[in-house]
Amino acid sequence: MAVQFNYLAKKGWKPKNPDEDYVITLIKIEIDERAIKEAKNKTKKEIFEEAAATVAAESSTGTWTKVYDGKDSGIPLAGEKRALAYDLDYEKFMFKVAYPIDLFELDNISGLFAGIIGNIAGMKMVSAMRVYDVRLPRRMVEAFPGPKFGVEGIRKILKNKDRFLAITVPKPKIGRTDEEQARLAKILFTSGDGSYEGIKDDENLTNLEFNKFDKRCKLVLEEAKRAEKITGKKKFYLCNLTHSNINEMLRRAKHIKSNGGIFFMMDVVTTGFAAVDTMRRAETGLAIHAHRAMHGFITRDNSPGIHGKGKLYGFSVSMIFLAKIFRLLGVDTLHGGSPLAKMEDYGEAVYIRNILQERNLKPHPQIPSLGQNWYHIKPVWMVASGGLHPGDVESVLKELGNDVIMQFGGGLLGHPQGIEAGVKAVEQAREAYYKKIPLKKFIEKNPNSELAAAINLWGYGPKIVY
Ligand code: CAP
Ligand code: MG
């Protein structure tokens with residue numbers, strides 16, 4: 001490629017003071033077989049170098065050809081500020097790109113992404129590409145507020161010092177009217193010992209003819225207040241305000257706040273980065289529960305190369321990358337999957353928990369990643385969800401720790417003895433866990449308990465959702 005500058009760093013080059021002066025990305029590519037055939041006198045290694053340099057060029061200051069470089073052309077600055085591809089791994093076809101911080105507006109994620117990953121997936125010479133991670137420098141991190149409440153803020157509001165939180169999403173996904181959903185909330189909040197704390201809308205539930213947003217919000221929050229009086233325990237409702245019009249989301253947030261809510265739920269992938277940033281900076285006074293519907297179309301990769309080794313088949317951006325950005329933008333909770341829930345999980349859910357909660361995040365030893373220094377940004381709740389039931393409490397918490405919201409949808413509402421029994425089963429699992437009684441022991445001693453009935457039906461370990 002006849003580009004103006006060399007976008008490939010010299011062997012051994014590393015960015016100086018990366019956390020001060022550079023944005024760094026970590027990428028793996030697969031060289032297209034046709035590109036190898038067509039470039040007869042080039043080795044695969046040379047084509048890989050060219051592809052890595054092209055990524056750096058296209059995403060920073062270069063283009064596909066040499067352009068005018070005379071007076072007022074901008075070429076001197078383009079040369080000085082260019083990104084460099086470095087740390088090339090010729091076995092895994094993985095490399096990093098270092099971008100000088102001046103290439104970006106510090107508080108603009110949409111602009112940043114348009115640059116660093118905006119045009120690179122179209123390159124003809126690669127047949128697959130995965131963007132694993134991005135590491136952001138201090139000044140960029142400081143340009144964002146991060147979560148308003150985070151783990152500690154929510155614990156204070158809920159008066160819960162150190163235990164995990166349990167919530168339920170109504171199933172069927174769609175079917176209950178607003179009034180029926182409020183009646184379900186009442187059962188969840190008041191059954192058993194009254195400690196069950198949360199209800200969440202499902203993603204399909206927005207403002208529907210038979211289940212209106214404003215009415216549902218008011219009725220469910222009224223049940224929360226009533227239940228708090230009866231049980232003496234704080235309750236919360238993750239009320240879904242997702243809309244493609246940000247002004248409508250802001251209106252709905254006001255409605256939640258004026259009805260005494262603590263949280264709103266938004267689908268952060270379908271609404272987008274600008275929407276999340278706007279909703280966070282609007283200071284609604286509410287915590288943000290981030291659901292990630294549609295992320296699979298961005299993050300999923302079934303190829304053997306997904307964790308660096310082997311061939312890569314498709315084009316994707318990892319959940320690690322997205323989780324980092326949502327923490328930065330300021331969600332208070334984020335769906336991050338759960339251990340064992342996905343094929344060949346490799347501990348990704350645990351690492352996502354680390355991304356959300358650690359202060360000085362180190363790269364994962366097996367999963368390609370860069371780590372992140374989080375400076376002032378608070379830790380975020382990890383939401384474990386998808387096919388969970390009471391028999392998972394022990395295994396999920398052992399892996400993820402206590403700063404977790406466990407979501408039991410079908411795994412509570414499908415209890416063979418009914419909804420109240422489902423609540424009791426979760427409560428029994430929670431009590432046993434915190435008393436350090438293995439769930440197996442508990443059900444041996446209490447064979448007629450609701451927990452035993454749940455485990456007899458679902459066993460142990462998350463159900464893979466097919
Ligand atoms: C869970 C859920 C959640 C997914 C998504 C569902 O219900 O409501 O949307 O778990 O979360 O519709 O499946 P169940 P994630 O508890 O009945 O499975 O993105 O973390 O997978
Ligand atoms: Mg759902």
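Modeller: A term to begin with: a salt bridge here is a side-chain nitrogen of Lys or Arg within 4 Å of a carboxyl oxygen of Asp or Glu. The model is predicted, so local features need pLDDT of at least 70 and side-chain atom pairs count only at pLDDT 80 or more, while totals for chains, interfaces and linings use all residues, and side-chain values use heavy atoms, with hydrogens and water left out. Residues are numbered from 1 along each chain as its sequence is written, and chains are lettered from A and ligands numbered from 1 in the order in which they are written.

Biologist: OK, which residue does Glu-142 form a salt bridge with?

Modeller: Glu-142 forms one with Arg-138, and their closest N and O atoms are 3.0 Å apart. Both residues lie in helix H6, four residues apart, which is about one turn of the helix; helices (H or I, at least four residues) and strands (E, at least two) are DSSP runs, numbered from the N terminus.

Biologist: Why would a spacing of three or four places matter in a helix?

Modeller: An α-helix has 3.6 residues a turn, so residues three or four places apart point the same way.

Biologist: And what else does Arg-138 form a salt bridge with?

Modeller: Arg-138 also forms a salt bridge with Glu-20, with 2.8 Å between the closest N and O atoms. That pair links distant parts of the chain, since Arg-138 is in helix H6 (residues 138-142) and Glu-20 is in helix H1 (residues 18-21), 118 residues apart.

Biologist: How accessible are Arg-138 and Glu-20?

Modeller: Arg-138 is partly exposed at 24% relative accessibility, and Glu-20 is partly exposed at 30%, where buried means under 20% relative accessible area, exposed over 50% and partly exposed in between (1.4 Å probe, protein chains only). Glu-142 is partly exposed as well, at 41%.

Biologist: How many salt bridges are there in the whole structure?

Modeller: A search of the whole structure finds 34. Another of them joins the side chains of Lys-225 and Glu-228, at 3.8 Å from N to O, and these two residues lie three apart in helix H9 (residues 213-231). Lys-225 is partly exposed at 34%, whereas Glu-228 is buried at 14%. Salt bridges that share partners also join Lys-171, Lys-173, Asp-202 and Glu-203 into one network.

Biologist: Switching to the metal, what coordinates the magnesium ion?

Modeller: The magnesium ion (ligand 2) is coordinated by Asp-202 (OD) and Glu-203 (OE) at 2.0 to 2.1 Å. Donors are N, O and S atoms within 2.8 Å of the metal (3.2 Å for Na, K and Ca), and water is not among the atoms, so sites may look incomplete. Asp-202 is buried, with a relative accessible area of 2%, and Glu-203 is partly exposed at 22%.

Biologist: In what order do the strands of the barrel run?

Modeller: Eight strands close into the barrel in the order S5-S6-S7-S8-S9-S11-S14-S15, with parallel pairing, and two strands pair if DSSP finds at least two bridges between them. Strand S6 (residues 198-200) and strand S7 (residues 236-240), for example, pair over three bridges, and Lys-200 stands opposite Leu-238 in S7.

Biologist: Last one, how many residues of helix H15 are buried?

Modeller: Ten of the ten residues of helix H15 (residues 348-357) are buried, including Tyr-351 and Arg-353.
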